[in-house]
Amino acid sequence: MAKAVIMPKAGITVESCIIGKFMKNVGDTVNVGDVLFTYETDKASFECESTESGEILAFFFEEGDEVPCFTNVVAVGAKDEDYSALAPGGAEAAAPAAAEEAPKAEEAPKAEIAAEATKTADGSIHISPRAKNLSERAGVDYTYAQPTGPNGRIIERDIRKLMEEGVPAAAKAEEAKPAEAAAPAAAPKAENGYEDIKFTGIRKVIAKSMVTSLSTMAQLTNHHSFDATAIQAFRKECKAAGGDVAGITLGDMVLYAVSRTLLNHKDLNANMIGDDTLRRFEHVNLGVAVDTPRGLMVPTIFNADTKSLLEISKEVKSLAEAARSGAISPDLLAGGTFTVSNLGATGVEMFTPVINPPQTGILGVCGITQRVREVNGQMTIYPAMGLSLTYDHRVVDGSPASKFVSELCKNLEKFTLLLAK
């Protein structure tokens, strides 16, 4: 009896996932634990392992499709076994998938006619993602394939036939004819000087979130700076002490100070619910922006205001590593009440971070620059670190926002006293 492999639920808050890439093909034999396909949420990517053993009978979706969690994605069973009952929507929905494997009875069209049949109005070719992937891996030109899929589409079986039989004789003969005057073919991308890159699922979500943020909020940014002498001295003490505390960074200290300072500025430790409701939180769930190969992610340190500096330091490193590897749970990428984005290591002196909806504020941490000030009539140089606060002006006015950053600066300038509280 054929059985289905479903789209896993990657986290409590996840309702659907996007299929990334199929790692197997229809007709392949798989065992329990074999990776069938990759999938991603709006924040992380995962691998789906087979829960059944047998032959892959059908894929009910294609790469790039968004699939609800717990929906059947793959049918696995014995060769030629009926799987129509497993298809989402029943037997009718299984028909397109069946066309991917079942050969048509009528004679395949000639090569030159087939190539024209696959073309759309703009000259592009109808080809399924699995077929195109196979042709690229096998190094064959899919334009010579004879389409047998729905609506003149090249499917995986067509590529496999092309690999076995080679380029049809008719196509070879056509190639041998003297070239006729025609419009020049499109130049390769290297000659054109550009490359088109499709957005990944995560990049699409980031783009949508940023546009939504800027188009639905009245955002304003205040820039401040503070004397970083105290945190630099404490950092040196931590390094000299060795052990776990040696890994505490200046960024960790900023996160610690933010988690304590926010408790006195509740409108910034909040979420907007709809257009007219502010939800304040008793504890600080601190989002930390992390740059990953797949795009920006914001894991959350829950109840950061109850954790020690060392605990925050260890947790933020663990979360960042999980985010960069793509193995982080989506549940750890939600629930933030305020976000910190640290670009100090890149030399940024000030910037305008964009709020992560539905939060009401985000703090940008900048680099350290040497500045001059007068002390007791003498000009002295000191290390100044910049802080850029973007806030939702619908919720927070300029004066309260400035008071938050001013208090934060004082806490960082007297960091050892903050630790003692």
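Two strands count as paired if DSSP finds at least two bridges between them; strands (E, at least two residues) and helices (H or I, at least four) are DSSP runs, numbered from the N terminus. The model is predicted, so local features need pLDDT of at least 70 and side-chain atom pairs count only at pLDDT 80 or more, while totals for chains, interfaces and linings use all residues. Residues are numbered from 1 along each chain as its sequence is written, and side-chain values use heavy atoms, without hydrogens and water.

**First stop: the sheet**

Select strand β2, residues 16–22, together with β7: the two run antiparallel and are joined by 3 bridges. Within this pair, Ile18 has Glu66 of β7 as its bridge partner. Now extend the selection to the open sheet of 4 strands, whose order is β5-β4-β2-β7 with antiparallel pairing. Its edge strands, β5 (45–49) and β7 (66–68), each pair on one side only.

**Second stop: helix α8**

Select residues 229–241, the 13 residues of helix α8; the distance from the first C-alpha to the last is 19 Å, close to the 18 Å expected at 1.5 Å a residue (1.5 Å times one less than the number of residues). Colour Ile231, Phe234 and Cys238, which are buried (under 20% relative accessible area, with exposed meaning over 50% and partly exposed in between; 1.4 Å probe, protein chains only). The buried residues of α8 line one face, because they fall within an arc of 60° seen down the helix axis, taken from the directions from that axis to the C-beta atoms. On the other side, Lys236, Glu237, Lys239 and Ala240 are exposed.

Next, display the elements against which the buried residues pack, including β9 (219–227), α9 (250–261) and β18 (378–392); contact means heavy atoms within 4.5 Å.
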